Amino acid sequence: LREGMLGKCFEYDLRTSVIAWKMGFAKEYVAAHAPTESVHKEFPATLSYLENKAGFMNAIQYLVFGKVSGLADALQVKMLKQAFTAISFGARKTAKGWMDSNGKWTNPAIVDIFRVKAERDLFLADPMVCDFIAEQGKLDKYLFDGFKAQRPDLLKLKYLQTQGGNSSRAKVIAFLYQHEETTVMDIVRETLTEHGQTVLANIHDAIIVRKKLRVDLRHEIEMRMQVRTDNKYWRLSATELKRYSKADASTDIS
């Protein structure tokens, strides 16, 4: 729909956004809980995901799907991205579902992503995935404990609680991230405006512009994001969008 409405344009989104945001607190975590260690030693799997995502994903993709999976390569990658994003928002390793207050059965996020049990088991058994889950858990607890200490008043908000009325760590993490996401995207829009660039559309963690950004402008935006938030992990990813045409479809089919 976006491509149909806007035609040829470029989408820039925050790369591995929630994971990059959480890693901005890694130095604080190490200082508080492991002062004799380094960020790299405490969070090797997460750093591998951020700094060498293609290699990280390729290794796990081969382990989970191998060479005999009937799924398209793009779908395999999409499933893995969804899984890591879900984990970063607190998805659990359990395969057991539950009944919500409305009587509707709900599966854990990982079960909904990996419908084939063998693939799910391979994913959850991978040592790098296990390390990633453990590292995300450490950051989640650190952020949640800090939130409880600094803003106990907000824990009374219904949308930050479980159905039973307890504080929800996953919902607090999402709440904190959404606010930081807005801050970072405001920096992106502000910088583009200063350079006379028009934003065609805003999509929570992304913007769409007509032309591809110059390398120097993209670098300036990323530097501003990193300096203002004191988080060196912020990056932008670019995707070229093209309006569908019958001519293109015919060319693809042939």
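**Figure 1. The whole chain.** The protein chain has 13 helices and six strands, where helices (H or I, at least four residues) and strands (E, at least two) are DSSP runs numbered from the N terminus. This is a predicted model, in which local features need pLDDT of at least 70, side-chain atom pairs count only at pLDDT 80 or more, and totals for chains, interfaces and linings use all residues. Residues are numbered from 1 along each chain as its sequence is written, and side-chain values use heavy atoms, with hydrogens and water left out. Of the 254 residues, 40% are buried, meaning under 20% relative accessible area, while exposed means over 50% (1.4 Å probe, protein chains only).

**Figure 2. Helix 3, one face in and one face out.** In helix 3 (residues 26–33), the buried residues are Ala26, Tyr29 and Val30. Looking down the helix axis, these fall within an arc of 95°, so they line one face of helix 3; the arc is that of the directions from the helix axis to the C-beta atoms. Over on the other side, Lys27, Ala31 and Ala32 are exposed. The cover over the buried residues of helix 3 includes helix 2 (17–23), helix 4 (39–42) and helix 10 (127–150), with contact meaning heavy atoms within 4.5 Å.

**Figure 3. Helix 6 meets helix 7.** Helix 6 (residues 53–65) packs against helix 7 (residues 73–88) at an angle of about 105°, with the axes 10 Å apart. That makes helix 6 and helix 7 roughly perpendicular to each other, a label for angles of 65 to 115 degrees. Helix 6 brings Lys53, Phe56, Met57, Ile60, Gln61 and Phe65 to the contact. From helix 7 come Asp73, Gln76, Val77, Met79, Leu80, Lys81 and Phe84.

**Figure 4. Helix 12 and what sits over it.** Helix 12 (residues 215–229) runs for 15 residues and reaches 21 Å from its first C-alpha to its last, close to the 21 Å expected at 1.5 Å a residue; that expected span is 1.5 Å times one less than the number of residues. Buried here are Leu217, Ile221, Glu222, Arg224, Met225, Gln226 and Thr229. Among the elements covering the buried residues of helix 12 are strand 1 (9–14), helix 11 (169–194) and strand 6 (236–241). Just past the end of helix 12, aspartate 230 takes a positive phi of about 55°.

Terms used
Axes are lines fitted to C-alpha atoms, for helices over the stretch in contact, and angles run from 0 to 180 degrees between N-to-C directions. Angles under 35 degrees count as roughly parallel, over 145 as roughly antiparallel, 65 to 115 as roughly perpendicular and the rest as oblique.
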